[in-house]
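Subject: Handing over a structure

Dear colleague,

I am passing a structure on to you, and below it you will find an account of what turned up when I went through it. Please look at the structure itself before you read on.

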Amino acid sequence: MKDFAAIDFETANCERSSVCSVGIVIVRNGEIVDTFYSLINPEPNYYNYWCSQVHGLTAADTDNAPVFPDVWKKIEPLIEGLPLVAHNKSFDENCLKAVFRTYQMDYPDYEFYCTLQKSKEVWPEGQHNLDIIAERCGYNLENHHHALADAEACAAIALEIL
């Protein structure tokens with residue numbers, strides 16, 4: 001796969017609609033040509049302890065951030081015509097569908113591919129966490145659970161195994 005958009009969401013709480021940050025990496029002809037990152041004011045707007053422990057974000061980080069529809073207006077033209085790729089697509093795809101429903105937006109039925117699932121086919125043994133698989137593909141993920149860093153790692157994996 002040479003043309004795609006790697007995507008990663010972080011959530012504020014256990015609700016899939018509570019996306020609080022997004023990272024996008026645009027790949028064309030096998031090269032990263034653009035990246036996008038934004039904080040998002042989550043819906044519902046509260047943070048649970050465990051999510052904040054994972055990604056380090058709190059309400060103080062996103063209280064003045066734009067809401068999802070405003071962020072997506074910037075993302076939509078970047079990803080137009082591209083399949084989306086995520087490490088554990090079920091999480092990111094469900095987040096995207098949930099937040100579209102929350103804001104009563106028409107979901108365009110994006111084509112999604114999963115680097116987690118593919119990594120299990122390529123390397124049946126061992127762990128398949130994003131950082132571990134990224135390292136196997138020659139990418140050093142230094143800022144795990146930052147949405148853009150995770151999207152960059154996902155793009156590196158996709159370029160190697162999809």
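To begin with a question: is His145 buried, partly exposed or exposed? With a relative accessible area of 29%, His145 is partly exposed. Please keep in mind throughout that this is a predicted model.

Backbone

His145 lies in the loop between helix 6 (130–136) and helix 7, and although His145 is not a glycine, its phi is positive, at about 80 degrees. Asn29 is another residue other than glycine with a positive phi, in this case near 55 degrees, and its place is in the loop between strand 2 (19–28) and strand 3. Asn29 counts as exposed, because its relative accessibility is 63%. The peptide bond that leads from Glu43 to Pro44 is cis, with omega near 0 degrees, and Pro44 belongs to the loop between strand 3 (31–39) and helix 1 (49–55).

Salt bridges

Searching the whole structure gives four salt bridges.

In helix 3 (residues 68–79), Lys73 and Asp70 are three residues apart, which means that about one helical turn separates them, and their side chains meet in a salt bridge with an N to O distance of 4.0 Å. Of this pair, Lys73 is exposed, with a relative accessible area of 59%, while Asp70 counts as partly exposed at 38% relative accessibility.

In helix 4 (residues 89–102), the side chains of Lys89 and Glu93 form a salt bridge at 3.3 Å, N to O; these two residues are four apart in the helix, so they too are separated by about one helical turn. Lys89 is partly exposed, with a relative accessible area of 24%, whereas Glu93 counts as buried at 11% relative accessibility.

In helix 5 (residues 115–122), Glu121 and Lys118 are three residues apart, and therefore about one helical turn separates them. The closest N and O atoms of their salt bridge are 3.5 Å apart, and Lys118 counts as partly exposed, at 27% relative accessibility. Elsewhere, salt bridges that share partners join Lys89, Glu93 and Lys97 into one network.

Packing of helix 5 and helix 7

Two packed helices are described by the angle between their axes and the distance between the axes. For helix 5 and helix 7 (residues 147–161), the angle is about 45 degrees and the axes are 10 Å apart, so the two helices are oblique to each other. The crossing in which helix 5 passes helix 7 is left-handed. On the side of helix 5, Thr115, Lys118, Ser119 and Val122 take part in the meeting, and on the side of helix 7 the residues are Cys154, Ile157, Ala158 and Ile161.

Cysteines

How many disulfides does the structure hold? It holds zero disulfides. Cys114 is in no disulfide, and the cysteine sulfur nearest to it, that of Cys154, is 8.0 Å away, whereas a disulfide requires a pair of cysteine sulfur atoms within 2.5 Å. Cys114 counts as buried, with a relative accessibility of 11%, and Cys154 also counts as buried, at 2% relative accessibility.

Terms used: Residues are numbered from 1 along each chain as its sequence is written. This is a predicted model: local features need pLDDT of at least 70, side-chain atom pairs count only at pLDDT 80 or more; totals for chains, interfaces and linings use all residues. Side-chain values use heavy atoms; hydrogens and water are left out. Buried means under 20% relative accessible area, exposed over 50%, partly exposed in between (1.4 Å probe, protein chains only). Axes are lines fitted to C-alpha atoms, for helices over the stretch in contact, and angles run from 0 to 180 degrees between N-to-C directions. Angles under 35 degrees count as roughly parallel, over 145 as roughly antiparallel, 65 to 115 as roughly perpendicular and the rest as oblique. A crossing is left-handed if the near helix is turned anticlockwise from the far one by less than a right angle, and right-handed if clockwise. Contact means heavy atoms within 4.5 Å.
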